[in-house]
Amino acid sequence: MKKQNLKAWLYLLPAIAFLGVFMVYPLIDVVIYSLEEGYNSASQTLTGVGLYNFRYVLRDPFFIQALKNTFILVAITVPLSTGLALLISLALNSIKKLRDLFQTIYFLPYVTNTLAVGLVFMILFDKTEYTDGLVNAFIRIFGGPTVDFIDGPYWAKMLVLCLYTVWIVLPFKILILTSALASVKQDYYKAAKVDGTPKFRVFTRITLPMISPMIFYLVITGFIGAFKAYSDSVALFGVNLNAAGMNTIVGYVYDMLYGNSGGYPSYASAAALILFAIVLSITCINLLVSKKTAVQGG
Amino acid sequence: MNVILKNLTKTFPGRTSKDKPVTAVNNFDFEIPDGKLIALLGPSGCGKSTMLNIICGLEDPTSGKIFFGETDVTDLPPESRGVGMVFQNYALYPHMTVRQNIMFPLQNFRGKDKLTKAQMEERVLEAAKLVRIDNLMHRKPAEMSGGQQQRVAIARALVKLPGLLLLDEPLSNLDARLRLETREEIRRIQKKTGITTIFVTHDQEEAMSISDMIVVMKDGIFQQMGKPQEVYDDPVNLFVAKFLGTPAINVFEAEVRGGKLFIGDDDAADVPDVKDGPVYAAIRPEGFIPAKDGRLSCDFISVEVMGRDITVLSSNAACENPVIRSIVDADNKIEPQEGKVRFNVKRHKLFLFDKETGERIRFKVEND
């Protein structure tokens, strides 16, 4: 028995070593950093141990702004993208002709580089000395006032960021949902048809429950992904996000480490842990909700 | 409610433009009498399920008409036809309980047909009691056996009181013991409700055992319809003769010469008024009488004792089947001589078929 245990540990060693070095140790280190007050990485000195870093971060207006941005982004893009993806998947599922073509088109953003997509959005929204951007051109046709989406009012920038995020995450969700819809057995629909079930009732009573595990999966990963947003913001508004007022929590962590005002691993760690706590609790709530309403797929 | 099918044809386009279109149902024409249990019988891929789907409205016929009683339902959608359908894999909604599954069709009623909650509950309980699952109302389909799921599916089909019940391969997903039990159950439910029922099967034993009438089809073409025993005793062609009966009928290549049937060199039976020429002679396993001076001689292989009767296994060069199975009464003593066993043939168990078309060639059977 003991010998076998030894063997088992031996087999596990490579994985444990890797996880230990690259996951567990940094995690512990982050916690330690976040508790070290006045830590200086150059001189390796600190003034004390406590919760000051958390207090600082939570009072930092830039962090509050980043927190607000992130929550708005999450609250808007997760339901919007999941709902849109569901609508598009249903439409894709019900057409026969050109389905493959549309599937390919919808999947394109997934294989496109984030920054390249950012460039496209620049062309659509950016207002320069030479052009107002495509969207503004349209607004002008309808007689509205032009808006600077990239460098203008907060709501305009947030709108662009949300659109951008939705557009980026949509392909994956469509992919998952179309395959989930395709895996619902046709017999259920036939049975419902023989019983004269109205289309909407078929959707709410049969389709939706059948694909609900996949929807929950998308919502949970969607929440996590949106909380970790950073590159989308950079692609649209450049690296100086605090100045643009469009920073996110991850962006704040990055700035605290490497940005112009950086060099504060303690503040960065505290912010990262706050993000961790938020994501963990939201995911727990999601799992609880999904467990209550989940069904066995068939 | 009787069902009338008139020149029903269904063609599916070929997979590619080069392929020929596939005719699943070809010019079907028959009437299903009211209140009977009908088996639609044929080998896999012969268009039985397509037929069922057309009757219930899930598929449109390419041409032809369907009448339920006096009404032409050809262009009606399934929900307006008032049919209950039980699918091969039951298609029970896995996220709903038995009660919710059975209630589902009732909740679709709109307008004047709309039922109150109490009426629904009553109907659901009634249907569940009929199929004897009223003690499982709160189970989910995954928590039940195949046989129980089958019953739920039948209850769900019956709860809206349809004029016609359709069952697609109702027993194919069950194990042997349950199959026997369930087919009697289907018979019982059909008798009790008196609802016209059509079920599809490829298992001839299943079809013969419980149905009032069987309809045999092959490659989308109607072959024969009748009471099971009638079809068995009087097949119209070689296909029907071969398809019905276990053990299978024994088919010989034979020739008629001067009113006598020759199998190999043996003058096996008298077949008066049959034109000379090559034929297929098919003899049911129970059509052999062992006799020392029998007219048909076969190479003896062995004897299987079943108690009540025995099966004699033998072979004959002219026989299509590798082994001739003949079931004879256990009182008979089988004494092969020089490796040969001899039989006389009961002529009402002997059928002749045209060598080319496989159509039945009839001859007079007097007293046997």
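Author: Among the contacts in chain A with a separation of 6 or more, 67% join residues 24 or more positions apart, two residues being in contact if their C-beta atoms, placed from the backbone, lie within 7 Å. This is a predicted model, in which local features need pLDDT of at least 70 and side-chain atom pairs count only at pLDDT 80 or more, while totals for chains, interfaces and linings use all residues. Residues are numbered from 1 along each chain as its sequence is written, and chains are lettered from A and ligands numbered from 1 in the order in which they are written.

Chain A has 13 helices and two strands (DSSP runs numbered from the N terminus, helices being H or I of at least four residues and strands E of at least two). Its radius of gyration, 24 Å, is well over the 19 Å that the globule rule gives for 298 residues, so chain A is more spread out than a compact globule (the radius is taken over C-alpha atoms, and the rule is 2.2 Å times the number of residues to the power 0.38). The C-alpha trace spans about 75 × 75 × 30 Å along its principal axes.

Now to the pair itself: helix H5 (residues 114-125) of chain A packs against helix H7 (residues 154-182) of chain A at about 135 degrees, their axes 11 Å apart (lines fitted to C-alpha atoms over the stretch in contact, with angles from 0 to 180 degrees between N-to-C directions). Thr114(A), Val117(A), Phe121(A) and Phe125(A) of H5(A) make the contact with Val160(A), Tyr164(A) and Ile168(A) of H7(A).
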